[in-house]
Amino acid sequence: MRTTSFAIIVALLPAVAFAQQGNRWNLQTPTDAGKTLPSKATARSNSCASYGPGYVKVEGSDTCVKLGGSISVGAGASAGR
């Protein structure tokens, strides 16, 4: 079983390398390199404020989202007799 798995992996490696090759080394300057970006500091009301603190509007839509999360870590030990 190991030999078969190893043979399949070795056979697929060149295909994966060729697929990833693409055009990733195109280091030409983008056409909009000299343009300035519009300022986001303009004074406008937050239409999502009615949902509560932390809600922001998704640009280009009328959708309001709030991102959040938490992390918890647990550990345990048992002494068997």
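Reader: Hi! Before we count anything, what counts as a helix or a strand here?

Author: Helices (H or I, at least four residues) and strands (E, at least two) are DSSP runs, numbered from the N terminus. With that, the protein chain comes to 1 helix and 2 strands. Along the sequence the pattern reads α-β-β.

Reader: Thanks! Where do the coordinates come from, and which cut-offs apply?

Author: This is a predicted model, where local features need pLDDT of at least 70 and side-chain atom pairs count only at pLDDT 80 or more, while totals for chains, interfaces and linings use all residues. Residues are numbered from 1 along each chain as its sequence is written, and side-chain values use heavy atoms, with hydrogens and water left out.

Reader: And what is the mean pLDDT of the chain?

Author: The mean pLDDT (the predictor's confidence in each residue, from 0 to 100) is 76, and 63% of the residues reach 70 or more.

Reader: Good to know. How much of the chain is buried?

Author: Of the 81 residues, 1% count as buried. Buried means under 20% relative accessible area, exposed means over 50%, and partly exposed is in between (1.4 Å probe, protein chains only). The accessible surface of the chain comes to about 8300 Å², and 58% of that belongs to carbon and sulfur atoms. Those areas come from the Shrake-Rupley method with a 1.4 Å probe; for residues, only the protein chains shown count as cover.

Reader: Switching topic: how many disulfides are there?

Author: The structure holds 1 disulfide, defined as a pair of cysteine sulfur atoms within 2.5 Å. Cysteine 48 is joined to cysteine 64, with 1.9 Å from S to S. The pair links distant parts of the chain, 16 residues apart: cysteine 48 sits in the loop between helix H1 (2-21) and E1, and cysteine 64 in strand E2 (residues 64-65).

Reader: Nice. Which handedness does the link have?

Author: The link of cysteine 48 and cysteine 64 is left-handed, with -75 degrees about the S-S bond.

Reader: What about charges, how many salt bridges come up?

Author: The count comes to 1 salt bridge, taking that as a side-chain nitrogen of Lys or Arg within 4 Å of a carboxyl oxygen of Asp or Glu. Lysine 57 pairs with aspartate 62, and their closest N and O atoms are 3.7 Å apart. Lysine 57 is partly exposed because its relative accessibility is 43%, whereas aspartate 62, at 72%, is exposed.

Reader: Which residues make the nonpolar surface patch?

Author: Val56, Val58 and Val65 make a nonpolar patch of about 200 Å². Patches are made of residues with over 30% relative accessible area and no salt bridge: like charges are joined within 9 Å, nonpolar side chains (Val, Leu, Ile, Met, Phe, Trp, Tyr) within 5 Å.

Reader: Where does valine 56 lie?

Author: Valine 56 lies in strand E1 (residues 56-57). At 47% relative accessibility, valine 56 counts as partly exposed. Asparagine 46, in the loop between H1 and E1, is 10 residues from valine 56 in sequence and 7.6 Å away in space, C-alpha to C-alpha.
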